[in-house]
Amino acid sequence: TDGVTINIQPQTEGNIRVTDPQGRVVQESRMLGGLAFLSTVGLQYGMYTVQILSKEGRIIGLRKLVVQH
């Protein structure tokens with residue numbers, strides 16, 4: 001499968017949001033026990049921002065994701 005697994009410590013629950021360079025949300029995924037899988041299928045080549053959100057919706061982390069097919 002094409003994608004990436006996000007592993008957050010300490011283990012937490014919340015959501016993962018992926019935005020494109022223009023800030024548009026292109027994918028959202030549920031995070032359970034500190035783990036989430038993001039599929040890169042359908043994402044165009046380029047750089048994306050991965051926002052790690054708490055259960056309350058607060059951003060608790062940011063990462064960059066580079067997609068190359």
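D20 is buried, at 10% relative accessibility. In this predicted model, the side chain of D20 meets that of R24 in a salt bridge, with 2.8 Å from N to O. The count of salt bridges comes to two.

**Salt bridges**

- R24 and D20 form a salt bridge through their side chains, at an N to O distance of 2.8 Å.
- D20 counts as buried because its relative accessibility of 10% falls under the 20% limit.
- R17 forms a salt bridge with E28, and the closest N and O atoms lie 3.4 Å apart.
- That pair links distant parts of the chain, with R17 in strand β2 (residues 14–19) and E28 in strand β3 (residues 25–31), 11 residues apart.
- The N and O distance of 3.4 Å between R17 and E28 is within the 4 Å cut-off, so the pair qualifies as a salt bridge.

**Accessibility of the R17 and E28 pair**

- R17 is partly exposed, at 25% relative accessibility.
- E28 has a relative accessible area of 53%, and E28 is classed as exposed because the limit for that class is over 50%.

**Pairing of β2 with β3**

- Strands β2 and β3 run antiparallel and are joined by six bridges.
- G14 has M31 of β3 as its bridge partner.
- The two strands, β2 and β3, make up a hairpin with five residues between them.
- Within the turn of this hairpin, G23 has a positive phi of about 90 degrees.
- The salt bridge between R17 and E28 also connects β2 with β3.

**Pairing of β2 with β5**

- Six bridges also join β2 to β5, and these strands run antiparallel.
- V18 stands opposite V50, which belongs to β5.

- T49 is placed in strand β5, which spans residues 46–54.
- At 18% relative accessibility, T49 counts as buried, because the class takes in values under 20%.
- The side chains of T49 and K64 are joined by a polar contact of 3.1 Å.
- Leaving aside residues up to four places away in sequence, T49 touches R17, V18, T19, L62, R63 and K64.
- Among these contacts of T49 is R17, the residue that forms a salt bridge with E28.
- V18, another residue touched by T49, is the one that stands opposite V50 in β5.

How values were computed
Residues numbered from 1 in each chain as written. Predicted model: local features only at pLDDT ≥ 70, side-chain atom pairs only at ≥ 80, totals over all residues. Heavy atoms only, no water. Helix = DSSP H or I, 4+ residues; strand = E, 2+ residues; numbered from the N terminus. Buried < 20%, exposed > 50% of the residue type's maximum accessible area, 1.4 Å probe, protein only. Polar contact = N/O pair within 3.5 Å; in protein donor to acceptor, adjacent residues only side chain to side chain. Contact = heavy atoms within 4.5 Å. Pairing = 2+ DSSP bridges.
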